[in-house]
Amino acid sequence: MGNPNYEKYLNDPEELIGEMIDGFVKSHEDRIKQISERAVAKKEAPIEGKVGVVSGGGSGHLPAFMGYIGEGVLDSVAVGDIFSSPSVDHIYEAIKAADGGKGVICCIGNFSGDIMNFEMASEMAEEDGINVKTVIINDDVASAPKEKMEKWIGKFLKEEEAKEISKIKNIKYSEELIEYLVKTLKENDIHNIYLDIKNWDIDESLTESQKISKILSEKYPYINIININKKLEELRLIKDEKEIGLTQKAVDITKEAIENMMKNSSPGMYEYEIEAEYNYILNKKGVKTSFDTIAASGRNAVILHYVNNDNKIQDGDLILCDLGVKYKEYNSDITRTFPVNGKFTKRQKEVYKVVLEANKEVIKNAKPGKTLNQLNDIAKEVLFEGCKKLGLLVSEEELYKYYYHSVSHFLGLDVHDVGNKKINLKKGMLITVEPGLYIEEEGIGIRIEDDILITENNSINLSQNIKKEIKDIENLMEK
Ligand SMILES: [Mn+2]
């Protein structure tokens with residue numbers, strides 16, 4: 001977002017909002033009722049007064065906002081800097097949700113690809129009898145001449161072109177966001193603004209929502225600025241069917257790519273060559289990794305975040321591959337460990353079986369009511385008993401030598417998604433289960449990681465089809 005330019009607005013107010021204001025105001029009574037009902041249901045203090053929302057600087061909160069609007073908790077939404085490339089589905093959801101709330105939609109996209117998504121989404125909406133009201137596009141697309149930059153990164157979209165392509169009449173640049181917002185506030189007597197403000201370190205630069213907060217509190221001190229970050233995090237924790245579907249899709253592509261790695265690896269290859277077998281499938285599907293791929297052979301596997309992947313793999317080595325796929329903003333996070341020559345040694349099998357047992361035991365216990373900390377305790381118990389049998393340990397205190405991370409984290413829009421390890425698991429949460437053992441002196445590092453959906457009474461392993469039994473891996477790798 002560029003210069004807010006609100007002075008200009010104060011001196012020369014323009015008609016920026018149009019027809020949506022009427023609906024916005026009329027629907028106000030119902031909205032407040034719904035907000036209060038939901039608040040009571042959630043045993044929270046009701047939100048009073050009209051509600052506006054601005055987001056910015058969060059990571060992937062857009063779907064959560066949509067959920068909020070869809071459920072009538074919030075009236076309007078202005079979303080900034082969340083996705084540089086919102087998908088058609090997300091835009092469509094936003095349009096639908098904002099229609100229900102008679103609110104404003106301000107989505108920010110970058111290049112023509114995004115505006116095409118807007119077009120598709122608004123067409124879908126129109127078919128459903130919903131009117132698209134406002135779209136704000138990034139000021140990267142703004143009026144200033146950018147011919148020089150266009151030679152480097154492609155054409156910028158002009159306002160008129162965006163209107164033409166998207167058929168959306170009300171198109172604005174994001175540098176107009178503040179004045180647009182201020183006008184909406186004034187004309188509608190809004191006094192609560194919900195901002196998505198994450199707690200950043202003091203030396204980090206201001207996020208968009210912090211900048212907006214600063215401007216508003218300076219110029220409009222009567223407005224309450226309320227941080228909605230925590231609420232959004234709560235919403236993000238519970239995934240709806242669509243989000244689960246997207247994650248499953250990410251997992252399914254991961255499966256295909258891992259199996260391609262397993263089938264095509266042999267001693268003497270470099271770790272990056274095995275990584276390339278993974279990337280090959282992702283590239284063919286037009287998706288990206290959800291984080292830097294770890295392909296760590298032999299002794300490298302005891303380093304948790306080894307991403308150099310430049311070592312030559314020796315015959316007899318295991319290779320630990322921790323990797324994921326990002327599919328429409330949702331992530332998989334999977335680890336498999338396999339023998340590069342296709343056959344586990346006796347010792348490798350012994351250690352592998354311990355880790356696999358821990359993986360299965362934790363998955364069995366991943367259900368509503370449990371916490372991630374409790375799951376980690378279960379992992380530690382199994383790993384400790386296993387280490388005793390392997391002749392590695394005598395006391396539980398020593399386990400940290402061979403197992404030094406924790407067994408689970410939440411998964412979602414971020415690979416390490418929001419949520420802390422003390423809360424009780426609930427239906428709709430997505431977690432990883434990833435026990436490991438790292439025996440440096442033997443050059444063995446093994447981790448087995450699956451993505452688990454918590455259900456009503458139990459859980460579903462979204463990655464259950466990705467081979468992890470010793471015989472299945474060996475069969476798959478048989479040349
Ligand atoms: Mn993980």
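Helices (DSSP runs of H or I, at least four residues) and strands (runs of E, at least two) are numbered here from the N terminus. By that assignment the protein has 16 helices and 18 strands. The model is predicted: local features need pLDDT of at least 70, side-chain atom pairs count only at pLDDT 80 or more, and totals for chains, interfaces and linings use all residues. Residue numbers start from 1 along each chain as its sequence is written.

**Exercise 1. Describe the burial of the protein and its largest nonpolar core.**

Solution. 
Step 1. A residue is buried if 20 or more other C-beta atoms lie within 10 Å of its own, exposed if 12 or fewer, and partly exposed in between, with C-beta atoms placed from the backbone. Of the 479 residues in the protein, 45% are buried.
Step 2. A nonpolar core is a set of buried Ala, Val, Leu, Ile, Met, Phe, Trp, Tyr and Cys residues joined through C-beta atoms within 7 Å. The largest one holds 70 residues, and I319, V355, L383, I431, L437 and I446 have the most contacts inside it. Helix α12 (residues 241-263) gives the most to this core, namely 8 residues.
Step 3. Contact between two residues requires their C-beta atoms, placed from the backbone, to lie within 7 Å. Leaving aside residues up to four places away in sequence, L437 touches V351, V354, V355, L383, Y402, Y403 and I446.
Step 4. Of the contacts between residues at least 6 apart in sequence, 74% join residues at least 24 apart.

**Exercise 2. Characterise the packing of α12 and α13.**

Solution. 
Step 1. Two packed helices are described by the angle between their axes and the distance between the axes. Axes are lines fitted to C-alpha atoms, for helices over the stretch in contact, and angles between N-to-C directions run from 0 to 180 degrees. For α12 and helix α13 (residues 271-285) the angle is about 145° and the axes are 8 Å apart.
Step 2. On the α12 side the contact is made by I253, E256, A257, I258, N260 and M261, and on the α13 side by I274, E277, Y278, Y280, I281, L282 and K285.

**Exercise 3. Is strand β13 buried or exposed?**

Solution. 
Step 1. In β13 (residues 334-339), 6 of the 6 residues are buried, so the strand is largely enclosed by the rest of the structure.
Step 2. In a regular strand the side chains alternate between the two faces of the sheet. In β13, I334, R336 and F338 point one way, T335, T337 and P339 the other way, and all are buried.
Step 3. Strand β10 (residues 318-323) pairs with β13 in the antiparallel sense over 6 bridges, with L320 opposite T337.

**Exercise 4. Where does N458 lie, and why does it count as partly exposed?**

Solution. 
Step 1. N458 is in the loop between β17 (450-454) and β18 (459-461).
Step 2. N458 is partly exposed because 14 other C-beta atoms lie within 10 Å.
Step 3. The C-alpha atoms of N458 and G369 are separated by 10.0 Å, although these residues are 89 residues apart along the chain.

Technical notes
Pairing = 2+ DSSP bridges.
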